[in-house]
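Work through the exercises below with the sequence and the model at hand. Each task is followed by a solution in steps.

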Amino acid sequence: MRKRRSVLIMIFLLLISGMSAFCAESVQLLRKAEESGILVYWDSLTQTGLMEKNGHQISFRAGDSIVLLDSRKLSIMDVPSVENGTILVSQKFFDDAESFFKTESSGTPFRIGAILVDPGHGGKDPGAMQTFHVNGKTLTVREKDITLSVGKMLYARLKTAYPDKQIILTRDTDKFLSLGERTDIANSVKLKENEAILYVSVHVNASLDKKASGYEVWYLSPGYRRTVIDKSDAGNDNVLFPILNGMMEEEYTQESILIAKFIMDGLQTQIGDKTKPRGIKAEEWFVVRNANMPSVLIELGFLTNYAEAQNLSSTVYLQKASLGIYNGISDFITHFEHSRGFTSSK
């Protein structure tokens, strides 16, 4: 396990004796936030949210009084709740949040320091395959070739656009890498202070249903629990460690969902009506579940669908797909660095 960035060592706990119970009149967070220009990201599955304004973030969880401020400090606020799908907070919770958002930003800005592009399969592992006939010729399309083509296109775009960042391909030839080797590459990347890394895995789908079609973006299910920080970052405190680790897990999930949404929008813009978007989904994919960073897995389409296999064999189509993914990553980077980021590791 890599050691968490030093800024986490600065975390402190504001223990408030006689903290007020959540009995005051509650307000609807989303409505109040919209009135005040606060962005709110909410994941109903994990019951966690993130408020953002003026380059500051507050990460919170329904039913929990502990919040995380700018990924570096723990604080105690009135307990948020959810009733009939509506996020409710006390007026004091909202006032405290507004006061925090008015504070001056300090410290080194957060940035994306590295992007790891992982073309799925390779070598002895071809992945999904489809054979069809075009103009009297037999053509076999293999997942490992499609993912490598898109991965190299995406790598080239990112390398040109972000010369100041580490752009990494897990493979640039037709070679086999185990799933463990792929995440080991990601987890071993050296980052500077306040830098984060993104993990983007590219795949192609297959189904027993030959009519299944479309692209989708997956993120790691919040139900899969893992250790993402070093225990020393919590001062070896057995009480503080699970709190910090859980919050960092939730922030990785929030970031992964945002990346997935940006990439889905980018693909939809570029691919258009060539096929359909199947949405953003959560799963415990092994290829990303051991990566200690925000991670997504992209399924570009179904090789088992004859028409879609022809699309995936087209260089023009793959260029559009790579551009859609690039635009999604770029939009996320802009958002992340503008807002000073959520999490990072080194």
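Two strands pair if DSSP finds at least two bridges between them; helices (H or I, at least four residues) and strands (E, at least two) are DSSP runs, numbered from the N terminus. This is a predicted model, in which local features need pLDDT of at least 70, side-chain atom pairs count only at pLDDT 80 or more, and totals for chains, interfaces and linings use all residues. Residues are numbered from 1 along each chain as its sequence is written, and side-chain values use heavy atoms, with hydrogens and water left out.

**Exercise 1. State the strand order of the open sheet and find its edges.**

Step 1. The open sheet has five strands, ordered β2-β3-β4-β5-β6, with antiparallel pairing.
Step 2. β2 (39-43) and β6 (73-76) each have a single partner strand, so one side of each lacks a neighbour in the sheet.
Step 3. From one strand to the next, the twist averages 20°.
Step 4. Within the sheet, β3 (residues 48-53) and β4 (residues 56-61) are joined by six bridges in the antiparallel sense. Lys53 lies opposite His56 of β4.
Step 5. Helix α1 (residues 29-36) packs on this sheet and touches β2, β3 and β4. Contact means heavy atoms within 4.5 Å.

**Exercise 2. Describe how α3 packs against α8.**

Step 1. Two packed helices are described by the angle between their axes and the distance between the axes. Axes are lines fitted to C-alpha atoms, for helices over the stretch in contact, and angles run from 0 to 180 degrees between N-to-C directions.
Step 2. The axes of α3 (residues 143-161) and α8 (residues 315-338) come within 9 Å and cross at roughly 45°.
Step 3. α3 is therefore oblique to α8 (under 35 degrees is roughly parallel, over 145 roughly antiparallel, 65 to 115 roughly perpendicular, and the rest oblique).
Step 4. Among the residues making the contact are Ile146, Met153 and Arg157 of α3 and Leu318, Ser322 and Tyr326 of α8.
Step 5. The contact residues comprise 11 nonpolar, four polar and one charged (Ala, Val, Leu, Ile, Met, Phe, Trp, Tyr, Cys and Pro count as nonpolar, Asp, Glu, Lys and Arg as charged, and the others, Gly among them, as polar).

**Exercise 3. Where does pLDDT stay under 50?**

Step 1. pLDDT is the predictor's confidence in each residue, from 0 to 100. The chain has a mean of 82, with 78% of its residues at 70 or more.
Step 2. Residues 1-23 stay under 50, and residues 341-346 are also below 50.
Step 3. Where pLDDT is low, the predicted coordinates should not be read in detail.
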